[in-house]
Amino acid sequence: MISRKFTDMERDQTEELRALQDTLYFIGGKWRIPVINAICNGNKRFREIERSIPGITTRMLSKELKDMEMNKLVKRNVYPDTPVLIEYVPTEYCRTFGKIISEMINWGREHRRVIVEDSFKH
């Protein structure tokens with residue numbers, strides 16, 4: 001019998017669950033991913049972001065942006081023009097989430113294709 005030693009290859013399920021929960025908490029809201037996507041696509045001003053996301057309310061966007069700033073995902077730049085100009089830009093940390101969003105988009109497209117094809121077969 002070979003004794004099992006703890007190796008780097010062995011998975012820590014408790015840690016994995018915590019990491020999954022952190023990620024789900026982050027993306028769990030209805031608006032978080034669309035807001036990140038809008039900002040990463042070049043929408044910087046509040047109204048630009050708001051117009052690029054159908055159905056989001058001003059209050060909800062404001063809440064999401066504050067939360068994202070607190071979580072180091074966006075940086076709020078204030079320019080003392082008249083009127084004051086405020087822009088939101090993704091942090092480098094936020095940009096690391098881009099690959100995940102791309103994969104989610106790809107998965108969603110494939111899932112829709114599978115579901116639509118399946119519905120035509122029956």
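User: Why does arginine 11 count as exposed?

Analyst: Its relative accessibility is 62%. Exposed means over 50% relative accessible area, buried means under 20%, and partly exposed is in between, with a 1.4 Å probe and protein chains only. At 62%, arginine 11 therefore counts as exposed. A caution on sources: this is a predicted model, so local features need pLDDT of at least 70 and side-chain atom pairs pLDDT 80 or more, while totals for chains, interfaces and linings use all residues. Residues are numbered from 1 along each chain as its sequence is written, and side-chain values use heavy atoms, leaving out hydrogens and water.

User: What makes glutamate 16 and arginine 11 a salt bridge?

Analyst: Their closest N and O atoms are 2.8 Å apart. A salt bridge needs a side-chain nitrogen of Lys or Arg within 4 Å of a carboxyl oxygen of Asp or Glu, so the pair passes. Glutamate 16 has a relative accessible area of 25%, so this residue is partly exposed.

User: How many salt bridges does the structure hold?

Analyst: The structure holds 6. One of them joins the side chains of glutamate 64 and arginine 32, at 2.6 Å from N to O. Glutamate 64 lies in α4 and arginine 32 in α2, so this pair ties together parts that are 32 residues apart in sequence. For the element names, helices are DSSP runs of H or I with at least four residues, strands are runs of E with at least two, and both are numbered from the N terminus.

User: Are glutamate 64 and arginine 32 buried or exposed?

Analyst: Buried. Glutamate 64 has a relative accessible area of 5%, and arginine 32 has 7%. Arg32 and Glu64 also belong to a network of salt bridges that takes in Asp67.

User: What separates glutamate 110 and arginine 113 in helix α6?

Analyst: About one helical turn, because they are 3 residues apart in α6 (residues 98–121). Glutamate 110 is partly exposed at 38%. Arginine 113 is likewise partly exposed, at 38%.

User: What makes up the largest nonpolar core?

Analyst: That core has 21 residues, and Val35, Ile39, Ile49 and Leu65 have the most contacts inside it. α1 (13–27), α2 (32–40), α3 (46–51) and α4 (58–70) each supply at least two of its residues. The largest share, 5 residues, comes from α2. The label applies because a nonpolar core is a set of buried Ala, Val, Leu, Ile, Met, Phe, Trp, Tyr and Cys residues joined through side-chain atoms within 4.5 Å.

User: Which residues of α2 are buried, and what does valine 35 touch?

Analyst: The buried residues of α2 are Arg32, Ile33, Val35, Ile36, Ala38 and Ile39. Valine 35 touches Ile53, Ile56, Leu61, Glu64, Leu65 and Met68, leaving aside residues up to four places away in sequence. Contact here means heavy atoms within 4.5 Å.

User: Which residues lie closest to the centre of the largest pocket?

Analyst: Its space first: about 250 Å³. Of the 13 lining residues, Asp22, Phe26, Leu73, Tyr93 and Phe97 are the closest to its centre. α1 and α5 (92–95) each supply at least two lining residues, and the largest share, 4 residues, comes from α1.

User: What makes it a pocket and not a cavity?

Analyst: On a 1 Å grid over the protein atoms alone, a pocket is an open set of points with protein on both sides within 12 Å along at least five of seven lines; a cavity is a set where a 1.4 Å probe fits but cannot get out, and lining residues have an atom within 4 Å of a point. Volume is the space filled by probe spheres on the points, which are joined across faces, edges and corners.
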